[in-house]
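Me: Could you walk me through the active site in this one? I'd like a close look at just that part.

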Amino acid sequence: MDNSKQTVVVTGFGPFGEHTVNPSWVAVQELKKLGLGSEVDLHVYEVPVEYQTVQSLVPSLWKQYHPQLVVHVGVSGMATTVTLEKCGRNHGYKGLDNSSFCPDSQCCIVGGPDCIDSVIDMELVCKRVTASGLGVAVSVSKDAGRYLCDFTYYTSLYLSHGRSAFVHVPPLGKPYSGEDLGRALKAIIQEMLELLGQAEGKIHCQQHFH
């Protein structure tokens, strides 16, 4: 494995409800076609809409790849923009998944903090991507919805000490195509990597001077 490369894992969700093909997975597959440049090893996964699978799959992705960043992508039927989620929440999971299952505790991690913020400044990512003239509207949210999206995000944030991101995409054609969403994901993730790289540079400088 080339150690100079960064590793990024991006997940989309499988079918659920009226989404026989989940737009999030379509967007992630389009991103995979585009890639993130020669310096980044990109791995993509389709995640079933099941709490118990998420509880085992998300830790295994972190363990297997030791990625610089994991980005989870989900669909929001109410969204009309590509939405960057700032935080994941631990409690309030009452909706049944595709296996008609819901955690008894109604939470992700028993004893975990109520809310975990991403270390990535989503407002700044939003600003930069918007300024790049991508032609896809991007916004920021503080509520990932207390279903599998939020559950996955919190689990990943907890495991990674905040080095995760979650992006909600609208349904296909409302108004964007899969290709549009793939382009948007590429721009968003490249900005996120840039910000993480800058933050690490600052930490190294501080260590050097102290």
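Reply: A word on the annotation before we dig in: UniProt positions are given in the numbering used here, feature names are shortened, and annotations may be inferred rather than shown by experiment. Residues are numbered from 1 along each chain as its sequence is written. This is a predicted model, where local features need pLDDT of at least 70 and side-chain atom pairs count only at pLDDT 80 or more, while totals for chains, interfaces and linings use all residues; side-chain values use heavy atoms, with hydrogens and water left out.

For "active site", UniProt's unreviewed entry lists Glu85 and Cys149. They're spread over 65 residues of sequence, yet they cluster in space, with a largest C-alpha distance of 10.0 Å.

Take Glu85: it lies in strand E4, residues 82-85 (strands are DSSP runs of at least two residues, E; helices are runs of at least four, H or I; both are numbered from the N terminus). Glu85 is buried, at 2% relative accessible area (buried means under 20%, with a 1.4 Å probe and protein chains only). Its side chain makes a polar contact with the side chain of Ser141 at 2.7 Å (a pair of N or O atoms within 3.5 Å; within protein, one must be able to donate a hydrogen and the other to accept it, and residues adjacent in sequence count only if both atoms are side-chain atoms).

Cys149 sits in helix H4, residues 148-160, and is buried too, at 11%. Leaving aside neighbours within four places in sequence, Cys149 is in contact (heavy atoms within 4.5 Å) with Phe13, Gly74, Val75, Ala144, Phe166 and His168.

Technical notes: Buried < 20%, exposed > 50% of the residue type's maximum accessible area, 1.4 Å probe, protein only.
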